[in-house]
Amino acid sequence: MINITRRDTLKIGAGAAAGATLFGTGALGAEAKWESKPEKGASLRVLRPAKFVQGDETLWLENTKKFEAQTGVKVRVDSEGWEDLRPKSAVAANVGKGPDIVYGWYDDAHQYPEKLVDVTDVATYLGNKYGGWFDVCKKYGMRRNRWISVPLGAPGSKINYRISWVKEAGFDSVPRDLPGFLKLCQALKAKGHPAGFALGNAVGDANGWCHWLVWSHGGKMVDDKDNVVINSPQTVAALEYVKELYATFIPGTLSWLDPSNNKAFLDGQVGLTGNGISIYYAAKTSQDPAIRRIADDMDHAQYPIGPVGRPTEVNLVVPAMIFKYSKFPNAAKDYIRFMMEEEQYAPWATASIGYFSHPLAAYDKLPIWTADPKHTPYRDTMRTMQWTSYSGSLGYASAGVLADFVMVNMVASVCSGSKSPKDAAAEAQKRAERYYKV
Amino acid sequence: MAILVQRNGVRRGRTLLELLDDRRVLSFLFMLPAGGLLLIFLTYPLGLGIWLGFTDTKIGRPGIFTGLENYVSLFQDSVFLLSVFNTILYTSVATVLKFGLGLWLALLLNNSMPFKAFIRAIVLLPYIVPTVLSAIAFWWIYDAQFSIISYVLVELGWIDTYIDFLGQPNAARASLIAANVWRGIPFVAICLLAGLQTISPSLYEAAAIDGANAWNRFRHVTVPMLMPILSVVLTFSVLFTFTDFQLIYAITRGGPVNATHLMATLAFQRAIPGGQLGEGAAIATAMIPFLIFATLFSYYGLQRRKWQQGGRDD
């Protein structure tokens, strides 16, 4: 599929010449041009993750209507529960029938790259127009220098904490270093407001903080050449650290699934956890004044930075993919482009209260990130995050390791005391090697 | 013209009739729909699953035949072996409890009591509620922070801290087995109740005249008479329990640290979210020998005639 069209070449040239921000004068609009038109009489079926907040779906459908009105393309939007989205898109890829566009998960595009339409033109156009893609987007979106999916955004995870309890524990804010963070959690626990991070097979929450933990110490599942290197002194150091951190957790986190920490935080049982902006949103919009007070008393912070000296977070990523069986690839490309344009993206991001962090640099200026200072930590989610199989490639092996909770199980088995850090790292090494051997 | 056509029609009809008169043809035709359904909806998926288990198929990419590679790799995989252990433990403990309690419940329901029909209907409730709903209910009941059981016990002052139902391997296994038993008892009880009601009261009368006490009547009349239906119910119950998926998936996802992963949940986790269709199919296929063994055991083990008639096997 490496066939650069005349239009691509033009656009790449235009991109190189321009440092783009739409939010400035808009002078750049002339340079980043989108000329492709949908096929005549085209109709599209779009599959996306079920709404998390009502505003997300409302604005998405409104934007879709706008697209229909402007292009005459009929679009049907279906939503799928988060858990079922991945199997559904996989089945569509396998049988060659289904939605034209899927807004899927993580590295889905790397599981069936040859079934996807090359979207280099859309991605190049958007990158040029909106200040460029963040690095992690290129990792998720590109394969061998071609774009196979267009990242829509990332539901980011940050530290959620209760302001008054952190003060009570003797801290003004959440420390940005690991020893300080541990001290805060210990002090919180002493005051009866323990921390809590999911250690069950929680797809989003447990993967999120366990990867951060290991990466922040310099451990990682695989190196640049996809050699499994999880059994390292750095990993063991991370596991030694987590033993102490786990002692500050509320009991029961070994069984926590994704919703557990939301419930416990809103009930005032934990003072600190890692989560998307959903807890804050639920608290802020609650009918119950007691829960609304939690919204006033909570804030968000970046995860601490470990010895590696830079942020090491991982978040869900939503890539837009067009399947090759689609009869209307141009219409599909145009739809993806349309939804990413500022006129549509900005109001949608506002309506979803920043639940999705943006993939394009120019969107740093979206009003949602400053409308409420408590939103701001989520702004840089995609700027600083790493991809799930850091620092190796994305593909079958990495997806297998992630789905099998190898990282989470390693951390959990140390926390539960059933394995020493060294044994847990060795076991993880063995489990990961099963996937990477082929 | 019209007459001619009609006559032709009649003649053709007669040959067809002659053909249909043939017993072999007729029976073949009658079996065709059922056979076709079985072939399409049972044999094909099963065959495909078994075939996939011998390939390295990934989601979105057809695989190549790799022989026993998946199985060799699985038998060196501690998580798979753990899931086999969990499945056997889960099935055997849950089945014994379901049958013990189910039989007891059936005997109780077999007595005459007020509101008999109503009570019998109520007993079926756990079985009628969709599994996912009851699974979510149990998820709350076992929640580390919001468990109603822990709440009540703490309020009563019997314990100080909430019970970690799902956080410790053995506690989690026991909790899931309890949920499965709660769901499975009505099925066993109602089936056995049906069996109990087919036993003629005259047998009990005869036994009583011979001086048999309650235990002896149960041991030498009820149990043998119940055996045929017991073996059928046992087969079904073992099959359902062995292949259980929803309860586990909704309550623990196989955690903590894979302590409650059953073969079915592991097969799904590897095949669909993990993309390793071939390996997932191999895990599912690995369940078949266990299921065949369980079926054969309950058929040949429990259905032996002599034993049913109160005699001993040679």
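**Figure 1. Contacts between the two domains of chain A.** In this predicted model, 10 residues of domain 1 of chain A are in contact with 14 residues of domain 2 of chain A; two residues are in contact if their C-beta atoms, placed from the backbone, lie within 7 Å. On the side of domain 1 that touches domain 2, six residues are nonpolar, three polar and one charged. Here Ala, Val, Leu, Ile, Met, Phe, Trp, Tyr, Cys and Pro count as nonpolar, Asp, Glu, Lys and Arg as charged, and the others, Gly among them, as polar. Domain 1 of chain A covers 6–154 + 315–377, and domain 2 covers 158–314 + 404–436; these bounds come from an automatic or database domain assignment. The C-alpha centres of the two domains of chain A are 30 Å apart. Residues are numbered from 1 along each chain as its sequence is written, and chains are lettered from A and ligands numbered from 1 in the order in which they are written. Because the model is predicted, local features need pLDDT of at least 70 and side-chain atom pairs count only at pLDDT 80 or more, while totals for chains, interfaces and linings use all residues.

**Figure 2. The open sheet of chain A.** Six strands with mixed pairing form an open sheet in the order β2-β1-β3-β10-β6-β11 (chain A). Its edge strands, β2 (74–80) and β11 (356–357) of chain A, each pair on one side only. Helices (H or I, at least four residues) and strands (E, at least two) are DSSP runs, numbered from the N terminus, and two strands pair if DSSP finds at least two bridges between them. Strand β1 (residues 43–49) of chain A runs parallel to strand β3 (residues 101–103) of chain A, with two bridges between them. A:Val46 has A:Ile101 in β3(A) as its bridge partner.

**Figure 3. Strand β6 of chain A and its two partners.** All six of the six residues of strand β6 (residues 150–155) of chain A are buried, so the strand is largely enclosed by the rest of the structure. A residue is buried if 20 or more other C-beta atoms lie within 10 Å of its own, exposed if 12 or fewer, and partly exposed in between, with C-beta atoms placed from the backbone. β6(A) runs antiparallel to strand β10 (residues 318–322) of chain A and is joined to it by three bridges; A:Pro319 in β10(A) is the bridge partner of A:Pro151. β6(A) also pairs with β11(A), in the antiparallel sense, over two bridges. There, A:Ser357 in β11(A) is the bridge partner of A:Ala154.

**Figure 4. Strands β7 and β8 of chain A.** Four bridges link strand β7 (residues 158–162) of chain A to β8(A) in the antiparallel sense. A:Tyr161 has A:Leu272 in β8(A) as its bridge partner. Strand β8 (residues 272–275) of chain A is covered on both faces: A:Leu272 and A:Gly274 on one side, and A:Thr273 and A:Asn275 on the other, are all buried.

**Figure 5. The contact between chains B and A.** In the predicted complex, 30 residues of chain B are in contact with 31 residues of chain A. The side of chain B that touches chain A has 11 nonpolar, 13 polar and six charged residues. The predictor gives the complex an ipTM of 0.83 and a pTM of 0.86.

Figure 6. pLDDT is the predictor's confidence in each residue, from 0 to 100. Chain B averages a pLDDT of 87, and 91% of the residues score at least 70.
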